[in-house]
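Hi everyone, thanks for coming.

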Amino acid sequence: MSEGKRVLVTGAGGFIGSHLVAELKKRGAWVRGVDLKYPEFGSTEADEFELLDLRRWDACLQATRNIEEVYALAADMGGMGFISCNHSQILHNNILISTQTLEAARLNGCRRYLYTSSACIYPEYLQDKTDVEPLKEEAAYPAQPQDAYGWEKLITERLCTHYREDYGLLTHIVRFHNIFGERGTWTGGREKAPAALCRKAAVAKLTGNHVMEIWGDGEQTRSFCYIDDCVEGIIALQASDFTEPINLGQDRMVTINELALMAAEAAGISVTLNHIDGPQGVRGRNSNNSLIERVLGWRFKVSLEEGMARTYRWIEDEVKRALESSNQGDELLRALSSSTVVRSALR
Ligand code: NAD
């Protein structure tokens, strides 16, 4: 499948990118990783790793030289606390990254291109209650994504489609539904719900204060998919000839309260949930995976409980490591027990 291929992974210093690089190497590909930063948790397994800012045209040309297949994962992104509060920065940066990487790939003669879109492209009006219908791919239109992050993803989906029609570049478009697992951002404001909840459960366990903060009433619903299943799915999609947008996720919908209790269970404690004001995103969202099951024979293998248990173990170790290297342990624990909303300015 990937054996002997020259592959570029953008965003290779990030969560999904670092796992993808490792799996592509296992399958015999030659891999160039590109990112603004090296992987935060561990070293890269890429044959070549270049620190490049893909908002720059020259960097995009450099990244895509002598490459057959591109996995375009680089994006300025984060969890709800980040994407609900940084619309200008996200739209500006991600449009530059996505349009220029795609055009550079075309000019450099790349053959296959996989773009990582998101469940955030789906219209807000279909996600206004907790008990929602799982979203099918065709539900994307009439368009009304909630955030700038989703609008950029939707526009780049269309750009990929037109590049395929106009230039014959074989573009694939995957819509991820909440991917989680080890080596994902777990603190600092860009972390997503599963990591934030595992961190809060670890702090509750280590301090003996068994209270976990939750944004909103915690009744908002989502589905979550474990990283190994995600990587398996995108490698299969890249190898296929399927070019329409396709969902990749689990179809088991849980509330954020249920996910919090799962994290607490992984920690081996029982907790009280303290609901506070905070960004919540759409009220309910679930993935309909019948298309990916039909065209790729892909279905998730790792249950939510198992994925959360693995993620929890890794995050508890990370919290302990952070405490060991801090001389202000109590202050750090207090900070890690809450989530922050980060507003950043364009760099
Ligand atoms: P991540 O933030 O861990 O990885 C993204 C990487 O892109 C980061 O390492 C970041 O440094 C890099 N990047 C940002 N700006 C860059 C620039 N200007 N030049 C080069 N690199 C840059 O996120 P992830 O969870 O690994 O997500 C990977 C892709 O999947 C993203 O496109 C994201 O939008 C998409 N996605 C992820 C999820 C999810 O649940 N994780 C859901 C939907 C879509």
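Let me start with K320, which is partly exposed at a relative accessible area of 34%. By that I mean between the two cut-offs: buried is under 20% relative accessible area and exposed is over 50%, with a 1.4 Å probe and protein chains only.

Before going on, a word on what you're looking at: this is a predicted model, so local features need pLDDT of at least 70, side-chain atom pairs count only at pLDDT 80 or more, and totals for chains, interfaces and linings use all residues. Residues are numbered from 1 along each chain as its sequence is written, and side-chain values use heavy atoms, with hydrogens and water left out.

Back to K320. Which residue does K320 meet in a salt bridge? That's E316, at 2.7 Å from N to O. A salt bridge here is a side-chain nitrogen of Lys or Arg within 4 Å of a carboxyl oxygen of Asp or Glu. Helices, by the way, are DSSP runs of H or I with at least four residues, strands are runs of E with at least two, and both are numbered from the N terminus. E316 itself is buried, at 8% relative accessibility.

Helix α10 has another pair for us. E318 and R321 are 3 residues apart in it, again about one helical turn, and their side chains form a salt bridge at 3.0 Å, N to O. E318 is buried at 11%, whereas R321 is partly exposed at 48%. Elsewhere, salt bridges with shared partners tie E23, K26, R27 and E232 into one network.

K37 pairs up with E40, their closest N and O atoms being 3.8 Å apart, and K37 is partly exposed at 36%. How many salt bridges are there in the whole structure? The search finds 28.

Now, the ligand. It's surrounded by 26 residues, and the closest are F15, I16, D35, Y149 and I179.

As for where the shell comes from, α1 (15-26), β5 (112-118) and α5 (148-167) each give at least two residues. The largest share, 3 residues, is from β5.

Let's look at some individual atoms. A ligand nitrogen is 2.9 Å from an N or O atom in the D53 side chain. On the backbone side, a ligand oxygen is 3.2 Å from a polar atom of G14, and a ligand nitrogen is 3.5 Å from one of L36. The protein covers 93% of the 820 Å² of accessible area that the ligand has on its own. Accessible areas come from the Shrake-Rupley method with a 1.4 Å probe, and for residues only the protein chains shown count as cover.

Last stop: Q238. Is Q238 buried or exposed? Buried, at 1% relative accessibility, and its place is in helix α7, residues 227-239.

Technical notes. Near = heavy atom within 4 Å. Polar contact = N/O pair within 3.5 Å; in protein donor to acceptor, adjacent residues only side chain to side chain.
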